[in-house]
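User: Hi! I have a structure open here and would like to talk it through with you. Could we start with whatever you find interesting?
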Amino acid sequence: MKKKPVLKIRNLTKLYGDVVGIKDLDLDVYPGEIMGFLGPNGAGKTTTIRACLGLLQKTAGDVKIFGLDSHEDSIEIRKRTGYLPGDFGMYSDLKVKTILRYLLSQSGVSDESKMEELSALLELDLGRKYGNLSKGNRQKVGIVQAFMADQDLIILDEPTGGLDPLMQQKFYDFMREEKEKGKTIFMSSHILAEVEEICDRVAIIREGELQVVEDIHSLKEKMGKKLVVEFENSVDPDIFKIEGVNDFEIDGRRATMIVTSNLDEVIKKVSKQNVVNMSLDTFSLDQLFLTYYSRGGKGE
Amino acid sequence: MNIGKTMLMELRNSWRGYVLFILVVVLLVGGFAQAYPSFSEAFEDELDGSENVDVEMLEKDEEINVTLSWRKIDNVDSYSILVSETSNMMVPVDRVDGIKTTSHNYSLQYDEDGEVPERYFAVVAVNGGDEELVGIETNFERKTPFQEIWGVDYGDIQGFLFILWSTWWVLLIGLYIGYISVNVITKDYEEDRMDLILSKPISRRQYFLEKFLVVSLYTLGLLAIVGLVLIGSIYSVGELNSVSSSALMASSVLSWPVFLVMISVSVLAGVYLESSRKAVGVSFIFILIQYGINMVGDMAEGLEYLKTYTIINYWDYESALYGEAVGVLDVAFLLVLSVLLVILAMVVFERKDIPV
């Protein structure tokens, strides 16, 4: 992708007194992609997003959105950017439709078709009072308002929290359609599976610092899979000295290893033994971090 | 393009509270004005038989000549005069007996400060062993307790309204206005709306000014309603000939700048502290201190200068009630103070992080 980035972050730093929120963050998000922003709770995802939108005053660094300065031209940027906060509330006594109309008109848009369409897709009842909605339905209100003004860039902070799996799937499909239409989506998440499912690229942040920005497939390949095999009898560890097998550990008859390549060869070696149990897992986020750092972290 | 949307949304969300408070104020203000006739009667406590006794004073260099004369009572042996410092005559400081005529010259000494002492004189008719009060009169113009404290009398409607205004209308309205001025912004923080609202293309400045305007215009409307209710209520007790309806309306509506300062202080506290609880505390303390200092300044003579430091003192509600000219400079001072506070609050709001 050699297009000009929609969102360009350089050396972005946010300190809360002495506490580091984020430090020297560099990130580009290109038009028409879904960029996942992955990290454990408290890693600085929300801080990054809110600093980009001018909700936080950045301590240092530079953010350009559509080539515009995030501070100087923030109103122009917000005309073209939809945002779903990680935590939000709305007027409890008002109907969902009243609230959405108000937010839509604040964006300077009067066309309600996308609002209607997305509400129908997510089965959100616009006639109900916001205060009477369940957590999942409130989240739908947030999603609808982020997309309804049909803006070019959509920034989502943990968008699927509270949605049931069926709704999540509908929402993923919807995001893919939006992407097809040329929209750029930048979304934070702490769920690896979600990011894997819909994102083109992923940026991983930990303790305020960006660890890696990768194409999701190459990241997965790089990270490998975790193979756990329980043998009937004890085995010679040396048979697993194969290229692409890392972090081999054996505890009695139970072997654990990370396989980044040559999976076929590993399985063939395993199959020559009597196997009691076996599992092959993609990394959970925690394991991914653990593995990532045990291999030396940034720059690996 | 989007001007007024924030105001409209605030009204849609909070109108119940706003309307409820208007009803409370209408009932209280209207109700109290109804009580005026009975108050004014209650405070016209004439001295017993004062119509029977006349007192005239002639101040000389070394003493004061008090000439007492009274209505003749038939078939009495003599008259006695009791002199006291209080109207209940419980502890007479002097007594003159055996007066045969219906007048008497009484000599009164100046007090330590060289002032004419305030005395009550009771004339008693003595017949054998019986004593009958002819009447009580004083050598000074009597004051009610309210007159003594505020220098105004419940005896006229303006004084009555002024005391109500300064003792608790200003406090009641001030505290409520302070409360909503804080909450108009901090509720958007605390109910997690601020991120969403400010992620739309509206500047923080516009958002802030619209919130400020909502409360300011609401207050102006409230004061106009208070004016109308006063006119109606006072008309219904037949007192509208003693106070003009335009003065009633003007005194109410022109109180606005005082409340504008309270609003400005409260929104400043709100955006600085970003917490309803803390900011309402600051706002209430500010208003109560203003009120308290003004009270102390009214009650204790040497402390009147303190009132210069209160905003309430820059609005002469009483003069406005009498239809007298309003101090333009004072009003201008309040307006300028309010504008400065609002600008400060806006700068604070524009520079702060939006809390989560």
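Analyst: Happy to! This is a predicted model. Let's begin in chain B, where B:Ile81 has B:Val96 as its bridge partner in E4(B).

User: Which way do E3(B) and strand E4 of chain B run, and how many bridges join them?
Analyst: They run antiparallel, and five bridges join E3(B) to E4(B), which covers residues 92-99.

User: And what about E3(B) and strand E6 of chain B?
Analyst: That pairing is antiparallel too, over seven bridges, with E6(B) spanning residues 120-127. Within it, B:Ser78 stands opposite B:Val126.

User: How many residues of E3(B) are buried?
Analyst: Seven of its seven, so by the under 20% relative accessible area cut-off the strand is mostly covered. As background, side chains in a regular strand alternate between the two faces of the sheet. In E3(B) both faces are covered: B:Ser78, B:Ser80, B:Leu82 and B:Ser84 are buried on one side, and B:Tyr79, B:Ile81 and B:Val83 on the other.

User: Switching to backbone angles: what is phi of B:Asn75?
Analyst: Near 55 degrees, which is positive even though the residue is not glycine. Most residues other than glycine have a negative phi. B:Asn75 sits in the loop that links strand E2 (63-70) and strand E3 (78-84) of chain B.

User: Is B:Asn75 buried or exposed?
Analyst: Exposed, because its relative accessibility is 68% and the cut-off for exposed is over 50%.

User: Where does B:Glu274 lie, and what is its phi?
Analyst: B:Glu274 is in the loop between helix H8 (256-273) and helix H9 (276-299) of chain B. Its phi is also positive, near 55 degrees. B:Glu274 counts as buried, because its relative accessibility is 19%.

User: Over to chain A. What is the strand order in the open sheet of four strands?
Analyst: The order is E2-E1-E4-E5, with antiparallel pairing. Strands E2 (19-29) and E5 (68-69) of chain A are at the edges with a single partner strand each, so one side of each has no neighbour in the sheet.

User: How many bridges are there between E1 and E4 of chain A?
Analyst: Five, in the antiparallel sense, between residues 7-16 of E1(A) and residues 60-65 of E4(A). A:Ile9 has A:Val63 in E4(A) as its bridge partner.

User: Which strands does helix H1 of chain A lie across?
Analyst: H1(A), residues 45-52, lies across E1, E2 and E4 of chain A, and runs at about 115 degrees to E1(A).

User: One last thing: which residues make the nonpolar surface patch?
Analyst: A:Leu263, A:Ile267, A:Val275, A:Met278 and A:Leu280 make a patch of about 350 Å². Helix H9 (263-271) and strand E14 (275-281) of chain A are the elements giving two or more residues to it. E14(A) gives the most, with three. A:Met278 is in E14(A) and is partly exposed, at a relative accessible area of 41%.

Definitions and conventions. Residues are numbered from 1 along each chain as its sequence is written. Chains are lettered from A and ligands numbered from 1 in the order in which they are written. This is a predicted model: local features need pLDDT of at least 70, side-chain atom pairs count only at pLDDT 80 or more; totals for chains, interfaces and linings use all residues. Side-chain values use heavy atoms; hydrogens and water are left out. Two strands pair if DSSP finds at least two bridges between them. Contact means heavy atoms within 4.5 Å. Axes are lines fitted to C-alpha atoms, for helices over the stretch in contact, and angles run from 0 to 180 degrees between N-to-C directions. Buried means under 20% relative accessible area, exposed over 50%, partly exposed in between (1.4 Å probe, protein chains only). Patches are made of residues with over 30% relative accessible area and no salt bridge: like charges are joined within 9 Å, nonpolar side chains (Val, Leu, Ile, Met, Phe, Trp, Tyr) within 5 Å. Accessible areas come from the Shrake-Rupley method with a 1.4 Å probe; for residues, only the protein chains shown count as cover. A salt bridge is a side-chain nitrogen of Lys or Arg within 4 Å of a carboxyl oxygen of Asp or Glu.
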